[in-house]
Every structure is written in C-alpha cells, then in structure tokens.
Amino acid sequence: MRRFYGDRLKRAAHLLFFKRGKLPGAKAWELKSRVGDDYRDVLAHLNEILDPIDLEVKEVGEGEEGPRFMVGLKGTIKPVEARMMGWRIDNLAGLAITIAYIISKQGKAPRKEVEELLSEKLGRWKTLTLLDVYERSGYITEEEGGLLSLGWRTRAEVDIGKLMTSLLGGGQPPGD
Amino acid sequence: MGAASRKGLLEILRDCELVERRAIDPFLFDARRALGRIREIHPKLSSLEDHCLDAKALNAISRVLSLQGAQLKFQSSSLYSPPEVLKGIIERLAPEELAGAFLRAWHPIVEFERLTAEGIQAGLSYWGSLKPFDERRRRIDKGGGAPPEGVDEGHLERIGIARGDFTRKMMEYLEEIVKRSKGGRLRYWDFVRAPSFEEVIERAYYASFLISYGFVGLERADGELELSLKAEPAGRGGMGVSVPISISNEALGGDLE
C-alpha cells in the first residue's frame, strides 16, 4: 500500500536542497528529528519523485555522526554544461589528475608530487591556484605533513571506479 | 643503551616515518630485519627513555605492517594502478581527454544558497555598526583623499601594468631576480628602480605576486628590504602577513622622472 507523506516529504526536500551550514545536505539525526523515524522511507519516496529529472538522494560517509544525505545528479553532464557551471576544461583535467594520483598512492599523496604532476600538464602558475580551489571546494584535504587525501565532495560526487577505468583505458569511455 | 643501539632505533623510526609519509613504498621496509634489530637491542635497554624509544619503534613498525596489509588489499582491487603507470597515461592524454574521463564519472551535488532573515539581519547590523570610510581613514592616520576604486583589466593594460600574458611576465622578472641576486639576495629598491614611474609600479606589482606565491622572500636586514630566492617555492601563502610598501622618489634614491 502506498503511503502519503505530505509535509514530511517537503521538509525532507528543503533540508536536502537548501544549504544551511558549510556542507550541503542533512545528517541522519537531523532528518530523524525533522522528518521522523521513518525518514528513509520518506527519502525513498523523494527519490522516486526526483528520478525523472535525473536527480537522486545520495547517502555519503559513515562518520561519527552517521551518514549524510544529499541530492546529486544521477547521470553525467556534458563539457558545455560544465563550462556553464564555471568549470574550464583545464580545471576538470587537473581534478581528474589530482584524484587519480591520490588513489594510485592509496588515498594519500604528498602535495609536492601532485603539484609536479599538475605543473607538467597545466603549468606551474595554474597548479598553485587549482589545488587551492580543489581544497576549498572539498575535493581534497591537506593533512599534516603536506599529504593530500580525498575530500568529502570527491566521495560524494565522483565514481572513483569509473574514473580510474576510464583513465587506464586511455581516456575512452569504458567498453569502447 | 649504547650510542649504536640508539642510532639503530632512530634509524628504524626514520624509515617508518618515510613509509608513513608515502615517501617510499611500504614493502621497501624490511619489517623482519627491523624486529630482529629491536630484539638484539632489547637486553641493552636500561633507562626509561630507552624503553620509550624502543616502544616507539615497535609501534611505528606495527603501523608500517598495517600499511603493507592495506597496500596488498588495494593492489588486488580494480582501482589499482601503479603511480608510474598512471603518470605515463596522464602524460599521453590531452586535457580534453582527461576532462572527458572525469565528466563520465562526475555526479555533482545540488545545493541552493539562500538568504535568510537571520543572515540579512546579521549583514545589516554589521554595516550599521561600521564607521564611515573617511572616519576609519582618519583613525589610521592616512589623511583624506578619494576613496579607493576598482579597475578592470582593460584599465590596467591602458596604464601599462597588465600587458598580455601575466605568468610569462612574472617568470621573466623571477629570472631577472635569479640573475641579479646570483642565487642570494637583492635589495628590493634596486630591483624595483626603473627609468619611469609606470615601470617602477609594474616591477613592484609583479614583485608582490612573486612574494605572495612564495617564489621570492622579502626580509628586512640592516634597515633595508631585501628579496631572497627560495630554494623551494612555498606555493600558496608565501608570506603570512601583508607588507604595505610606499613608493616614493626618496625611497628610489631620487631616480624618478
């Protein structure tokens, strides 16, 4: 039997779409207190509504405070759309290099090595700016000792397996 | 514990630290040999300090063993690609192909920014409590004058500050500092000095970026500002403080036209 969630569905959508703190989305406890104990059922219903417009509810991380729920794109975007969102080809290429290299170093890579790799491809000047942008956006984080690791946004937005398969396959779509 | 034993433990700690900093492959560390060495040293431990060092070395070895375990698991996963292989691939691919690979794996998060009544109230109260600009200028004893204005890139080009490729120009000035300082130091005013005021401003402008991005250091020695070359560019935040430098004819030795 289909249940009707009414206002609780709206409340869940508002919590997930509108950014309130530093990070987008809502924590499990927030949803539980504002939407109810069966918030996962409400989110499943919201997912059905979002599906036709290529969006989905994502569950990210398992930190001390439990998972965080966000709304993200289900499919992918074209280069022209990325440019409209303010991402230049060089910036995207740099992000692909940074994430892939950190992965190849098992999740932690010295900042200096990443800088050298990016400099060879995109130039020294751009590298310094780009790494700052990636860090500010949450794609990477810098730990003590100058080690870079993947940030919350990479874990939320990037299909690591697909990225590595695509790169190792010479930049071609998997299966080509 | 003798000096040789202490040196042995310190060497183990140093090697473990290199592995943890990802400077060397975890499997280049011979844990069996290191444990054997600790076993040899153990009977010679006498003071509390010796025992602490011994425990620290053991703890470091256990962390390296854990990293070796993680590496084995990672190498058997589909994500594994040796960094050297990946570097080769990255070198071969054009930025467009790299960006394409990323876009196929990218599912951006949706986030709406919005204004709230509380946010507007906080902003209003901040601006309301801020003293007029002229008053603040007087407080910092800078006198009156016109308030600062923003300029666009075209204006900077017209007044001769921005000319074409910024990065290329900056690197040219860096090369000049390298040559003139002979790898050591160069007086700031000697570098900035030029026949025309426009050129002085341009040189000071590029010098500020070289300093901010950590290619060059700025220090005061014997009352003189000096530029010094950095062995390693600091990347961002080369200098942690803002240094206002007033350009006057006097500072330039009366050379300005």
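The pLDDT is the predictor's confidence in each residue, on a scale from 0 to 100. That scale is a handy place to begin, since the structure shown here is a predicted model. In chain B, the mean pLDDT is 81, and 82% of the residues reach 70 or more. Within this chain, confidence is highest in helix α5 (residues 95–105) of chain B, at a mean of 93, and lowest in helix α7 (residues 133–139) of chain B, at 65. Where pLDDT is low, the predicted coordinates should not be read in detail. For the complex, the predictor gives an ipTM of 0.91 and a pTM of 0.58.

Turning to a meeting of the two chains, helix α6 (residues 111–122) of chain A and helix α4 (residues 83–92) of chain B have axes that come within 10 Å and cross at roughly 20°. Angles under 35 degrees count as roughly parallel, and α6(A) and α4(B) are therefore roughly parallel to each other. The crossing of α6(A) past α4(B) is right-handed. On the α6(A) side, the contact involves L117(A), E120(A) and K121(A), which meet K87(B), I90(B), E91(B) and R92(B) of α4(B). Of the residues in this contact, five are charged and two are nonpolar, with no polar ones.

Aromatic rings also pair up in this model: over all chains, the structure holds twelve aromatic pairs. One of them joins Y39(A) and F69(A) edge-to-face, with 5.8 Å from centre to centre and 80° between the planes. Here Y39(A) belongs to helix α3 (residues 39–50) of chain A and F69(A) to strand β3 (residues 66–73) of chain A, so the pair links distant parts of the chain, 30 residues apart.

Methods. Residues are numbered from 1 along each chain as its sequence is written. Chains are lettered from A and ligands numbered from 1 in the order in which they are written. This is a predicted model: local features need pLDDT of at least 70, side-chain atom pairs count only at pLDDT 80 or more; totals for chains, interfaces and linings use all residues. Side-chain values use heavy atoms; hydrogens and water are left out. Axes are lines fitted to C-alpha atoms, for helices over the stretch in contact, and angles run from 0 to 180 degrees between N-to-C directions. Helices (H or I, at least four residues) and strands (E, at least two) are DSSP runs, numbered from the N terminus. Angles under 35 degrees count as roughly parallel, over 145 as roughly antiparallel, 65 to 115 as roughly perpendicular and the rest as oblique. A crossing is left-handed if the near helix is turned anticlockwise from the far one by less than a right angle, and right-handed if clockwise. Contact means heavy atoms within 4.5 Å. Ala, Val, Leu, Ile, Met, Phe, Trp, Tyr, Cys and Pro count as nonpolar, Asp, Glu, Lys and Arg as charged, and the others, Gly among them, as polar. Rings of Phe, Tyr and Trp (its six-membered ring) pair if their centres lie within 6.5 Å; planes under 30 degrees apart count as stacked, over 60 as edge-to-face and the rest as tilted.
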